Amino acid sequence: MKHTVLILMSFALFNSCNTKKTITDFNTYPTPVNENLWIQYTKDATLFKLWSPKAEEVILRLYKDGQNSTVFSYYNLTKEHQGIWQTKVNGDLNGMYYTYQVKINDSWLDETPGIYAKAVGVNGNRAMVLDMETTNLKGWQKDTSPTLNKYNEAIIYELHVRDMTIHSQSGSSLPGTYLGLVEADTKGPNGVATGIDHLKELGITHVHLLPTLDHYSIDETNLDTPQFNWGYDPNNYNAPEGSFSTDPFNAEVRIKEFKQMVKNFHDNGIGVILDVAYNHTGKTEESNFNQEVPGYYYRHWEDGSYSDAAACGNETASERAMMRKFIIESVLHWTKEYHIDGFRFDLMGIHDIETMNKIGEAVLEINPDALLYGEGWTASDSPLPEEKRALKKHMQQLPKFAAFNDDLRDGLKGSVFEDESLGFVSGAKNTQESIKFGIVGAIQHPQIDYEEVNYSNAPWTLEPWQSINYVSCHDNHTLFDKLKISKPDATLNELIAMDKLANAIVLTSQGTPFLHAGSEMLRTKNGEHNSYNLPDSINQINWNWKNDNKEVFDYYKNLIKLRKEHPAFYMATSNQVREHLKFQTANNNLVSFTLEGNANDDNWKNILVIYNASNEKLNYKIDGVWQKAVSGSTFDFQGLQILKDSIEVPALSMYIAFQN
């Protein structure tokens, strides 16, 4: 309690300062950007460092465990150059826990594990000195990431670690954990494959894990009590979340199990993407950043108040040298130490363009196949000038990144902010240009009327893969729930047809496709649109859905197979798309296009794709002789049926024909 009072006092002092002067002071702080601020362990000694240019004293405390034990010993750090405090402790400290405490303005702030902590104990309150080599698995040095010839070869599947295995019929022996997610041979109702075997059967190439970095919400000391949170409340950015491990009290267990999860995915040809929220912290005054350098790592308004473009209480200042250094080194830590295959940046529009480009260069130098993408918007206004923000409309200045295409998302199913809003698949009018915009991957294409696109009146990508094409994700309603809420009179069969058509469009478009976990089996959250802290009963994948909706699952599986086998659906460059993709028809209920001239070396010479969003079957005129590949739920990859003169396209469905 005493520390809390001191923190509040110190922040009252901070906020009562002349704010413009304070922010100018931040820009004049010494910035040792080339200094190694991670602890440096050897068996003989450990070097501890902390950057805190305004500190008057810094203490290091050592503990024998991560929770209850009293101080084993403590050391005063010495102030060195450029605001760095350090001390070397002799002896082998492997397995010893530690904290720092900083004194500013005669007030001691809270103990902190340090923002560069790699290993943390229960609830992330204390860091551990750890020989990271000892956490490597057998064969870890030979572990390799999946390779991609083209970015949009990837088929991304967004999941929450707990959701996939926590259901009583998931068949997992370790439900809700890293290890449970990659447990082989798990079965659900009627023997359906679950967990990683389900993902292999479906055919996706990458899993996107909702935040699995250490976060505040879950009390790791009380995991027998069911708890849930998406994890967008970051605590320690460089250590895995403990609630997904089998023992959150031992700092090294979560690290080993996280690595085991990654290796199992890699051994099965699946990449691992981390969802990261460097744009804000889960707490503000009490955050680890503010216990080291109060105020520095955050943006503020002119009155001294925290700005809040994240709508979570604060936003970080990526443009400041030491915050930029921290973010870049943190993503490199995950790339090198954990062999992570990419990052999804939460509210990427809060970050500045220069920092994001530096992140891209650094990550891709280590892993050229890494996928980098984010939300190209903010949740609220920011002091960062708009022209410097990593927004969707600035993606042409971010050539190594992709962004979520909300133009296509809401064009397909209706606005996520209006329950009754309809989209192309559910009967809306005048959405066809938004659909076409998504099909080409948000590039410049001569056949698109950009004035009619949902939110963008101009192309915003340089290349088609920069558009993350999706119709649903963890945010807002699931696809099936959105369709059901917005079309209350639709029959179940109609809702299923709309669902299938929506992701058929995603998976046959030129952008990088992204699927929300469970959409392939009509996932529902019982109509809840914001399930970030709701119980497992709302968030879990119910494996009965796979059994009950086998035909839907098979349709998604075949869509993925079709995309993988036909590179015409993932052309690498905008020039290729403009050359080979020609729109044929576009109106309220119908969009059709051809992929011509063996696009992207496809073995089909010409491909005709028809999206029929009407409730009536459609007679579609054709010239020449074609072969049927997809009609309704039927896939014929050999094209045994010959087509002449016209095609009968079933209601609410995609049809594909080809010429060899």
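1. Contact is used throughout for heavy atoms within 4.5 Å, and helices (H or I, at least four residues) and strands (E, at least two) are DSSP runs numbered from the N terminus. The model is a predicted one, in which local features need pLDDT of at least 70 and side-chain atom pairs count only at pLDDT 80 or more, while totals for chains, interfaces and linings use all residues. Residues are numbered from 1 along each chain as its sequence is written, and side-chain values use heavy atoms, with hydrogens and water left out.

2. The packing of α11 against α14 brings I496, D499, K500, N503, A504, V506 and L507 of α11 together with E551, V552, Y555, Y556, L559, I560 and R563 of α14. By class, this contact has 9 nonpolar, 1 polar and 4 charged residues, where Ala, Val, Leu, Ile, Met, Phe, Trp, Tyr, Cys and Pro count as nonpolar, Asp, Glu, Lys and Arg as charged, and the others, Gly among them, as polar. The axes of α11 and α14 are 10 Å apart, and the packing angle is about 15°; axes here are lines fitted to C-alpha atoms, for helices over the stretch in contact, and angles run from 0 to 180 degrees between N-to-C directions. The two helices α11 and α14 are therefore roughly parallel to each other, given that angles under 35 degrees count as roughly parallel, over 145 as roughly antiparallel, 65 to 115 as roughly perpendicular and the rest as oblique. The crossing of α11 and α14 is right-handed, a term that applies if the near helix is turned clockwise from the far one by less than a right angle, with anticlockwise giving left-handed.

3. How do α10 and α11 cross? Their axes come within 10 Å, at a crossing angle of roughly 130°, and that angle makes α10 oblique to α11. The crossing of α10 and α11 is right-handed. On the α10 side, L479, F480, L483 and K484 take part, and they meet L492, L495, M498, D499, A502 and N503 of α11. This contact of α10 with α11 comprises 7 nonpolar, 1 polar and 2 charged residues.

4. Helix α10 (residues 479-486) is mostly covered, with 6 of its 8 residues buried; buried means under 20% relative accessible area, exposed over 50%, and partly exposed in between (1.4 Å probe, protein chains only). The buried residues of α10 are L479, F480, D481, K482, L483 and S486, and what covers them includes α8 (406-413), α11 (492-507) and α14 (550-565).

5. The structure holds 29 salt bridges, each being a side-chain nitrogen of Lys or Arg within 4 Å of a carboxyl oxygen of Asp or Glu. One of them joins D536 to R162, with the closest N and O atoms 2.8 Å apart. Because D536 lies in helix α12 (residues 536-539) and R162 in the loop between β10 (156-159) and α3 (178-181), the pair ties together parts that are 374 residues apart in sequence. Both D536 and R162 are buried.

6. E337 and K259 form another salt bridge, at 2.6 Å from N to O. With E337 in helix α6 (residues 321-337) and K259 in helix α5 (residues 251-267), this pair ties together parts that are 78 residues apart in sequence, and both E337 and K259 are buried.

7. Which salt bridge joins K325 and E329 at 2.7 Å, N to O? It is one between the side chains of two residues that both lie in helix α6, 4 residues apart, about one turn of the helix. K325 counts as buried because its relative accessibility is 6%.

8. Q82, a residue other than glycine, has a positive phi near 55°; Q82 lies in the loop between β5 (78-79) and β6 (84-90) and counts as partly exposed at 39% relative accessibility. N600 is not a glycine either, and its phi is positive at about 55°; N600 is found in the loop between β21 (590-595) and β22 (606-612) and is buried, with a relative accessible area of 10%. As background, most residues other than glycine have a negative phi.

9. T46, in strand β2 (residues 45-51), counts as buried at 0% relative accessibility. Leaving aside neighbours within four places in sequence, T46 is in contact with residues including Y41, T87, V89, L93 and V129.
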